[in-house]
Amino acid sequence: MSGEKVKVAIVGSTGYGGVELIRFLLGHPNVEIVSVISASSAGVPITDGFPHLSEIVTQNLDGVNPAEIAEKADVVFTATPSGVSTRLVPQLLEVGLKVIDLSGDFRIKDGATYEAWYKHEAPESKLLEQAVYGLSEIYGDDVHGKDLISNPGCYSTATLLGLIPALNAGWIDPSSIIIDAKSGVSGAGRGTSLTSHYAEINENFKAYKVNKHQHIPEIEQVLSNINGEPVTVTFTTHLVPMTRGIMSTMYAGMKEAHTDEEFVKLYRQYYEGRSFVRVRGAGKWPATKEVFCSNYCDIGFAVDERTGRVTIISVIDNVVKGAAGQAIQNLNLMMGWDETTGLKLSPVYP
Ligand SMILES: NC(=O)C1=CN([C@@H]2O[C@H](COP(=O)(O)OP(=O)(O)OC[C@H]3O[C@@H](n4cnc5c(N)ncnc54)[C@H](OP(=O)(O)O)[C@@H]3O)[C@@H](O)[C@H]2O)C=CC1
Ligand SMILES: CC(=O)N[C@@H](CCC(=O)OP(=O)(O)O)C(=O)O
């Protein structure tokens, strides 16, 4: 790129993913936010709903009009609910925009599988083929120069980054994988619901969508590609009374005995040069607070010689590496910039 900044627009800028995109993009040296967009609040200042952005974002919210977006922007992030992107993204591509979609709509390559899990009509198969699945550390090379990037799911990101090196090396039995995942409440978005309001979630801890979560086909699609044969997983999600953070705890049988130190070495080699994956030393397990508000994914291991299984623990911030941060990482990869541009912020602690 020349010295000129890339102009970006954000549809769904009033949601948690959208507002986090704004926070990071404001500090991105190669980018200018030219439009913050809302379907329901066009014409009003974004600061009406988000006073924390006062004096920082002075624009009014724009409406969802693909032709108007194309007049202003080069790239658009769609931080919109699943089902919305299916209809909107083709219109945005049609007017010449590059799109990075944060929803689940373009992640599943088989339309019938998408419809079975998401209960929405799938996008047309041509676009499903065109969309590049933007799990940055694994498929980053495919993102460069592409027009449509499908940002991975939050649980899928933590889980896949935790499993892929061991599966790829043939160290774990693909038929034995069990995933026990927990998320903070912001993962459900800004809208209120009975399951996520304060009295229901405070001092509570509950499983939900057991064996029915929409990230199961996404995780299985990628693991099957890596494995070369179909992989199915047992996947249970839980809601934790905290705002941000995902911990994915994964259990798998080892094909041959390996030590914690060998796992650490394997993973450090696999992720060499990828700044946002931090592999903990033997006997050190990550906590969600250690990646809070950052784009890091931290991974630790515990081999159990007694059972022949390994436990892999992976943590991310769902709103950052699980959504807005990885979307910006994909923008960087799309544009051929260093993938860390605008993203190298330390986690917030405590
Ligand atoms: N929260 C998270 O941790 C993660 C979220 N995701 C995915 O990212 C997407 C955004 O999530 P999140 O920000 O949490 O969701 P929110 O519910 O917080 O925000 C979604 C936004 O989409 C906008 N919207 C709703 N309907 C339409 C429409 N018809 N046209 C245009 N915009 C619309 C709404 O704003 P308005 O009415 O003002 O337009 C709303 O602010 C979702 O698909 C979600 O599944 C993925 C990974 C993690
Ligand atoms: C805590 C919580 O409710 N999390 C959401 C994650 C939503 C999400 O990321 O949705 P898509 O990736 O499918 O778009 C859930 O479990 O459905």
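These legends go with a set of close-up views of a predicted model.

The model is predicted, and local features need pLDDT of at least 70, side-chain atom pairs count only at pLDDT 80 or more, and totals for chains, interfaces and linings use all residues. Residues are numbered from 1 along each chain as its sequence is written, while chains are lettered from A and ligands numbered from 1 in the order in which they are written.

View 1. The protein splits into domain 1 (6-130) and domain 2 (155-318), with bounds that come from an automatic or database domain assignment. Between the C-alpha centres of domain 1 and domain 2 there are 27 Å. Domain 1 puts 9 residues into the contact and domain 2 puts in 7 residues; contact here asks for C-beta atoms, placed from the backbone, within 7 Å. On the domain 1 side, helix H4 (residues 111-118) brings the largest share, 3 residues. That side of domain 1 is made up of 4 nonpolar, 3 polar and 2 charged residues (Ala, Val, Leu, Ile, Met, Phe, Trp, Tyr, Cys and Pro count as nonpolar, Asp, Glu, Lys and Arg as charged, and the others, Gly among them, as polar). Helices (H or I, at least four residues) and strands (E, at least two) are DSSP runs, numbered from the N terminus.

**View 2. This one zooms in on the shell around ligand 1.** There are 30 residues around ligand 1, and Gly15, Gly17, Ser38, Ser103 and Gly189 come nearest; a residue is near a molecule or strand if its C-beta atom, placed from the backbone, lies within 6 Å of it. Helix H1 (16-25) and helix H11 (320-335) are the elements that each give two or more residues, and H1 gives the most, with 3 residues. The tally for this shell is 11 nonpolar, 18 polar and 1 charged. Domain 1 (6-130) and domain 2 (155-318) each supply at least three residues.

**View 3. Now for ligand 2.** Around ligand 2 sit Ser82, Ser103, Gly104, Gly153, Cys154, Ser183, Gly187, Ala188, Gln214, Thr237 and Leu239. Of this shell, 3 are nonpolar, 8 are polar and no residue is charged.

View 4. Six strands make an open sheet in the order S2-S1-S3-S4-S6-S5, with parallel pairing; strands pair if DSSP finds at least two bridges between them. Strand S2 (31-37) and strand S5 (132-133) are the edge strands, each pairing on one side only. S5 runs parallel to strand S6 (residues 148-150) over 2 bridges, and tyrosine 133 faces serine 150 in S6. H11 packs on the sheet, touching strand S1 (6-11), strand S3 (75-78), strand S4 (98-101) and S6, and its direction makes about 150 degrees with that of S4. Axes are lines fitted to C-alpha atoms, for helices over the stretch in contact, and angles run from 0 to 180 degrees between N-to-C directions.

View 5. S8 pairs with strand S9 (residues 234-239) in the antiparallel sense over 3 bridges, with lysine 206 opposite leucine 239 in S9.

How values were computed
Contact = placed C-beta atoms within 7 Å.
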